[in-house]
Every structure is written in structure tokens, then in C-alpha cells.
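Dear colleague,

I am handing over the structure that we discussed, and my notes come directly after it. Please read them with the model open beside you.

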Amino acid sequence: MNYWLLKSEPTAYSIDDLARDGKTIWDGVRNYQARNFMRDQMKVGDLVFFYHSNAEPAGIAGIAKVSSKSYPDPSAFDQKDVHFDPKSKKENPVWYLIDVSFVKKLKEFLPLEKIKKIPGIESMLLIQKGSRLSVQPVSEKHWDLILEARS
DNA sequence: GCCAACGTTGGC
DNA sequence: GCCAACGTTGGC
């Protein structure tokens, strides 16, 4: 069991959208490091922090889970999609994704500002200067610290 | 809206 | 293979 953090701009897709839909496909990721995590390391049942980026405030809004194995991102094949990528062929896909299912919203939204103040959180990838990976691993220690910091 | 940090592209 | 230019991310 691994833990992850997925970033989404809530104006594009928020935790409330996921709560409504129950499940979504995490398409449109076009960063190789992020792809590798999804393609190679995510397992069904892994838990995920749902993070609102580019938001006021930014922070962790809820918990989701990985609900499929990785498979090719269909948006890369669709010429009309903003995420279309001619490099990705159906017989040799470049981009992969996983399905994500809703678990719950945090009782209280945890803003980035509060996350940064949690003792022991300093090494978390999310808060490293210049770090902007939209799919990133979270250590069990950091996962627990964040859940304890709630309320 | 600004802009620093980062990733990608493409000329050489 | 280098690196400048460009586009994007994301906090503020």
C-alpha cells in the first residue's frame, strides 16, 4: 500500500466534483515523472490526498483512492482534446493514467499554510521550493502527520 | 496578474 | 550534447 498526492485545480475539477461523480479518470498528465508514478507504481487501493492547487486557499481537500491499474490515456489520442499528443500512438502509448475514486472530504480543509507548519513535515515533496509535480508519492509518516494535523 | 522555478523544444 | 527560448505551474 502506497500513499500519493494528486493536484487538481478546483476550477477544473474539485473534490466536490469527485464526490458527485464517485470516480474519474486522471487524464491529461503530461509530465514523465508523474506518468511513471501512475504507470509503474500506483496500485489499486492506494490512498491519495486530493490537493487543490492554484486555489484560494490551496491545500488538501479530501481523500481518494486508486481504483484501476494504469492504462493508456485516451485524451492523448484525441485530436480535438487539448491534451492531444501526436507522439502517443495506440500501438505504442506515451501517456498513462489511473482511475481515481472518491473516499471522503476532510472534515476541515487543510490549507497549505497549515501543512507547512506541521512539525516533521519539512521533507515532504509538496512543500519543497520549486516542486510542482502534480502526481507525487507521500511517505506513510507524512500521511499520518497530515491526518493528525486535521481539526 | 506577477513571476520564479521548472520542463521541453529546437537550433547549432 | 549544449543551452537559450519558450511554455507551464502554482504560490502569492
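The notes below cover the DNA contacts and then the aromatic pairs.

This is a predicted model, in which local features need pLDDT of at least 70 and side-chain atom pairs count only at pLDDT 80 or more, while totals for chains, interfaces and linings use all residues. Residues are numbered from 1 along each chain as written, chains are lettered from A and ligands numbered from 1 in the order written, and side-chain values use heavy atoms, without hydrogens and water.

Around DNA strand B lie Tyr-32, Lys-87, Lys-129, Gly-130 and Arg-132 (a residue is near a strand if one of its heavy atoms lies within 4 Å of it).

The whole structure holds five aromatic pairs (Phe, Tyr or Trp rings, the six-membered one for Trp, with centres within 6.5 Å; planes under 30 degrees apart are stacked, over 60 edge-to-face and the rest tilted). Among them, Trp-26 and Phe-50 are edge-to-face, at 5.7 Å centre to centre and 85° between the planes. Phe-49 and Trp-143 are stacked, at 3.8 Å and 15°, and together with Tyr-3 these two residues form one aromatic cluster.

Best regards
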